Amino acid sequence: MAIGRNLFLVGAAFALTATPALAQNKGAAIGSEAQALEIAQRAITFRSVAGAGNQTPQLAAYLRSVLIAGGFAPSDVTVTPVDDTAYLVARWRGSDPAAKPLVISGHIDVVEAKPADWQRDPFTPVVENGYLYGRGATDMKLDAAVAMTALLRMKQAGYKPRRDIVLEFSGDEETRMKTSALIAEQLKNAELVINIDGGGGRFAEDGKPQFFTWNGAEKTYADFELTVTNPGGHSSAPRPQNAINQLSAALVRIGQYRFTPQLSDVTRTFFREAAKQKTGELAAAMRAFAEDPKDEKAIAVLAADPAYVGQIGTTCVSTMVSGGHALNALPQRATANINCRIFPGVKPADVMATLQQVAAEPALTIRDVSEGSVANDASPMRADFVAAVTKALSASWPGVPVFPSMSAGASDSMWFRYHHVPSYGASPTFMKESDDFSHGLNERTEVRNIAPGIRYYVSLFGDLAR
Ligand SMILES: [Zn+2]
């Protein structure tokens with residue numbers, strides 16, 4: 001999962017003390033649960049954070065060595081440096097060169113972590129009380145280790161894929177997504193993509209598995225800059241037109257505007273299934289909205305809930321504002337940023353046109369200043385994928401409901417969907433709501449995910465590479 005675009009710099013002293021030697025495996029059996037934990041722990045020691053001292057290239061080199069030790073041909077595992085980072089592509093050749101590849105997509109960079117704020121050093125993995133702690137324990141070094149281990153187990157078992165299986169790890173998913181875009185461009189002939197950094201399961205607070213969702217769509221991220229300019233002048237001689245007032249009034253109108261609610265195959269199925277997990281007014285609203293996205297009562301309930309307002313359509317909010325140049329001057333300029341999360345399939349240009357119209361301010365200009373984002377449609381609910389993921393999950397967590405969801409955040413799936421390659425976020429990692437610290441402090445994931453996770457991937461990859 002990606003968030004902000006801030007690049008953090010680290011002190012050279014810390015970067016030096018944290019430099020791990022190029023790791024050798026301690027000797028866990030190839031394809032075993034112990035190996036998955038070993039890879040994850042080793043991966044956490046690399047400070048794969050954007051900026052000075054970025055150890056993503058070294059981490060990629062370590063993972064490459066593990067894949068080769070597990071049977072990948074050295075010439076089929078490449079690490080490509082890009083700026084301060086690197087990405088890894090590993091190809092397991094299938095028996096049918098004409099078949100389009102199955103791509104397994106993840107990332108090996110992590111969000112910055114300040115050791116002083118953590119209870120434990122974020123780059124020293126610790127297993128305690130059934131949890132793996134460390135930066136990347138959730139997002140997404142354990143996931144990478146589990147998926148890799150599943151592939152190595154399949155190799156050990158003599159599995160022969162029909163289509164090529166391509167495992168790729170981007171190196172700047174959490175920041176600029178330059179490697180993400182390069183990889184998707186390179187692999188745009190893929191049959192489909194399993195994004196191991198999306199979807200996942202929920203444990204109830206008592207530890208029981210509740211449900212599992214896979215991501216079939218995600219919102220498109222966009223930023224629009226709104227500007228009002230005026231001739232300005234002396235503040236003792238006000239005029240009817242004032243850039244700050246005009247912009248403010250426009251922002252209030254935009255804030256009160258609601259985009260027409262929308263429903264897709266993915267969100268319809270999500271609301272129908274999620275309603276079974278909820279009770280009362282919320283469950284009723286989910287059911288009603290799934291049948292009729294014009295149901296005003298249902299819309300009101302869902303729009304008032306921060307967890308679901310983003311699921312029912314495009315949302316746009318003011319996030320930054322600035323204006324004026326002196327305490328005693330009429331403002332010559334006022335600007336604001338509107339951040340939008342656009343419903344899959346809607347064009348950013350159409351959202352921008354709507355904002356211009358809603359602003360109803362002739363002096364206002366608007367431009368798209370989005371960076372590191374491309375518009376993308378929902379992936380179709382492909383029967384082969386739905387069958388494979390449902391079967392894989394029931395092999396690892398029997399009886400747990402499986403349904404699709406739409407992610408409100410951006411992931412590497414965006415770059416594949418941009419090329420019209422179906423991409424599905426489908427991590428088998430379950431967690432309690434109270435354990436979700438990805439991007440935050442004291443990140444942790446339960447290690448009991450490892451065994452079912454490997455079983456799940458062996459089933460999923462095996463079915464989809466046929
Ligand atoms: Zn992530």
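**Disulfide, aromatic pairs and nonpolar cores**

The link of C316 and C340 is right-handed, with 115° about the S-S bond. The disulfide joining these two cysteines has an S to S distance of 2.1 Å. A search of the whole structure finds one disulfide, a term that stands for a pair of cysteine sulfur atoms within 2.5 Å. C316 lies in strand β12 (residues 315-323) and C340 in strand β14 (residues 333-342), so the pair ties together parts that are 24 residues apart in sequence. Helices (H or I, at least four residues) and strands (E, at least two) are DSSP runs, numbered from the N terminus. Both C316 and C340 are buried. Buried means under 20% relative accessible area, exposed means over 50%, and partly exposed covers what lies in between (1.4 Å probe, protein chains only).

The model is predicted: local features need pLDDT of at least 70, side-chain atom pairs count only at pLDDT 80 or more, and totals for chains, interfaces and linings use all residues. Residues are numbered from 1 along each chain as its sequence is written, and side-chain values use heavy atoms, with hydrogens and water left out.

Aromatic contacts come next. A pair of aromatic rings is described by the distance of the centres and the angle of the planes. Rings of Phe, Tyr and Trp (its six-membered ring) pair if their centres lie within 6.5 Å; planes under 30 degrees apart count as stacked, over 60 as edge-to-face and the rest as tilted. By this rule the count comes to 20 aromatic pairs. One of them is formed by F203 and W397, which are edge-to-face at 5.5 Å centre to centre, with 75° between the planes. F203 lies in strand β8 (residues 200-203), and W397 in the loop between α11 (383-396) and β16 (402-407), so the pair ties together parts that are 194 residues apart in sequence. Both F203 and W397 are buried. F211 and F403 form a stacked pair, 5.6 Å centre to centre and with 25° between the planes. This pair also links distant parts of the chain: F211 is in strand β9 (residues 209-218) and F403 in strand β16, 192 residues apart. F403 is buried, at a relative accessible area of 2%. Ring pairs also link F203, F212, W397, F430, Y456, Y457 and F461 into a cluster.

Charged groups sit over two further rings. The criterion is that NZ of Lys or CZ of Arg is within 6 Å of the ring centre and within 35 degrees of the ring normal. The charged end of R120 sits over the ring of Y133, 4.0 Å from the centre. K155 lies over the face of F72, at 4.7 Å from the ring centre.

In soluble globular proteins, nonpolar side chains tend to be buried together. A nonpolar core is a set of buried Ala, Val, Leu, Ile, Met, Phe, Trp, Tyr and Cys residues joined through side-chain atoms within 4.5 Å. The largest one here has 60 residues, of which F169, I194, F385 and L460 touch the most other members. Helix α4 (residues 141-156) supplies the largest share of this core, 10 residues. Apart from it lies another core, of 22 residues, among them A250, F259, L355 and L364. Contact means heavy atoms within 4.5 Å. Leaving aside neighbours within four places in sequence, L460 is in contact with I194, F385, A388, V389 and A392.

Strand β6 (residues 165-170) is mostly covered, with six of its six residues buried. In a regular strand the side chains alternate between the two faces of the sheet. I165, L167 and F169 point one way from β6, while V166, E168 and S170 point the other way. Two strands pair if DSSP finds at least two bridges between them. Strand β2 (residues 85-92) pairs with β6 in the antiparallel sense over five bridges. I165 in β6 is the bridge partner of W92. Strand β3 (residues 102-107) runs parallel to β6 and is joined to it by six bridges. Here V103 stands opposite V166.

Two single residues complete the account. A285 is found in helix α8 (residues 280-291) and counts as buried at 5% relative accessibility. Not counting residues up to four places away in sequence, A285 touches A298, V301 and L302. P306 is found in the loop between α9 (296-303) and β12. P306 is exposed, with a relative accessible area of 73%.
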